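Please open the structure in your viewer and keep the selection tool at hand.

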Amino acid sequence: MSDSVLKPGSTIGILGGGQLGRMLALAAAELGFRCHIYCPEGESPAFDVVAARTVASYENQRALAAFAGSVDVITYEFENVPSETAAFLEEQATVLPGQRALAVSQDRLSEKRLMQELGIAVAPFATVDRVSDLETALSRLGRPSILKTRRLGYDGKGQIMIREGDDAAAAFAAIGGKPAVLEGFVSFTREISALVVRSKRGATAVYDIAENVHRNHILATSTVPASIAPDTAAEARAIAIRIAEALGYVGLLAVEMFVTEEGGTETLLVNEIAPRVHNSGHWTQDGCLVSQFENHIRAIAGWPLGSTERHSDAVMTNLIGFEADDWTPLAAKPGARLHLYGKSETRSGRKMGHVNRIFAKR
Ligand code: AMP
């Protein structure tokens, strides 16, 4: 991999124009970089804050080539960048974190296999390609279990819980009859995430572990510090570093994990990884010296990593749908910082912004 260091004034290309692209571009601007967003949707929140934009499909090779020729490095804000798009761009530009991280994180089965190779625990699972596989898997893993499509699932989409009495064929049909994995139900006490950033030279830094609460399958809050034992937090950090190193990763990587507890002992299971900045890391904007967004930009630009040190306790609350309409009282709240994404249309279930509440470190 090229060890090149991008100078301020260079242009960073970002695939995807949502709130993550927008916050990456804002952080890049603070270091003197320009950003060029490539996105198929004409109305994208990131467009408002960048120097250049391309509105074209991820299959449009002419537009992709022009984009690659106009930027100094390419990154992405979502893991479902089509593999052909990533391969095409990699022929003409540096793409970071890179194809391997995309390939692994786009497929739940590859993700789980990587964890097993690394000796990292995951929920018990089985591969499901047809209804008969599902029936066999259910008799092994029991009920309830969760059937998840291998690809393109997010925020609870592409997955279904199979309870006592539920029909296997109907469940398989409900996820579109696509290649899937069945996961045993994990009675977790907490969900946490570890965010690691790795530089081109292989240096790593990890943020303090966040404790995440989901509502309707969408992240509602991230609280730092997480209420877990110090040894569990250390193990979560070590797991994130192990994965980043195994992938030869450059940039910010999020690792979501379940914490289970038995007889006072906590155990970690990796649920999934995201090769990008992550919603559970938004607290770092106001709780740390250097945010996840800036550290991702630093890493892909070949810069030294910034400090991941946390100066405050923090609670990040997502503003979903019409919750963001309360921006006046939210903006007036002491100890709170409001971040709005500038989305033109409010829809229920859509992430419109977030609030970081900051407290003195305990
Ligand atoms: P995922 O799309 O894999 O991130 O799953 C979304 C959410 O569903 C997770 O954050 C958990 O709250 C829940 N979930 C997913 N897999 C399991 C499992 N195997 N056992 C229990 N809950 C799960």
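A polar contact, as the term is used on this tour, is a pair of N or O atoms within 3.5 Å; within protein, one must be able to donate a hydrogen and the other to accept it, and residues adjacent in sequence count only if both atoms are side-chain atoms. This is a predicted model, in which local features need pLDDT of at least 70 and side-chain atom pairs count only at pLDDT 80 or more, while totals for chains, interfaces and linings use all residues. Residues are numbered from 1 along each chain as its sequence is written, and side-chain values use heavy atoms, with hydrogens and water left out.

**The ligand**

Select the ligand and then Gly184, where a polar backbone atom lies 3.1 Å from a nitrogen atom of the ligand. On its own the ligand has 480 Å² of accessible area, of which the protein covers 91% (areas by the Shrake-Rupley method with a 1.4 Å probe; for residues, only the protein chains shown count as cover).

**The antiparallel sheet**

Next, select E5, E8, E6 and E7, which in that order make an open sheet of four strands with antiparallel pairing (two strands pair if DSSP finds at least two bridges between them). Strand E5 (125-128) and strand E7 (159-162) stand at the edges with a single partner strand each, so one side of each has no neighbour in the sheet. On average, neighbouring strands of this sheet are turned by 20° against each other, direction ignored; axes are lines fitted to C-alpha atoms, for helices over the stretch in contact, and angles run from 0 to 180 degrees between N-to-C directions.

Zoom in on E5 and strand E8 (residues 180-184), an antiparallel pair with four bridges, and find Val128 opposite Ala180 in E8. Helix H6 (residues 131-141) packs on the sheet and touches E5, E6, E7 and E8, with a direction at about 170° to that of E5 (contact means heavy atoms within 4.5 Å). Helix H5 (residues 108-117) lies across these strands as well, running at about 145° to E5.

**The parallel sheet**

Now move to E3, E2, E1 and E4, which form an open sheet in that order with parallel pairing. Strand E1 (residues 11-15) runs parallel to E4 and is joined to E4 by four bridges, and Gly13 stands opposite Ile74 in E4. Helix H2 (residues 61-70) packs on this sheet, touching E1, strand E2 (34-39), E3 and E4.

Select Arg143 and Pro144, whose peptide bond is cis with omega near -5°; Pro144 lies in the loop between H6 and E6. Another cis peptide bond, with omega about 5°, joins Val224 and Pro225. Finish at Asn216, which is not a glycine and yet has a positive phi of about 50°, in the loop between strand E11 (210-215) and E12.

How values were computed:
Helices (H or I, at least four residues) and strands (E, at least two) are DSSP runs, numbered from the N terminus.
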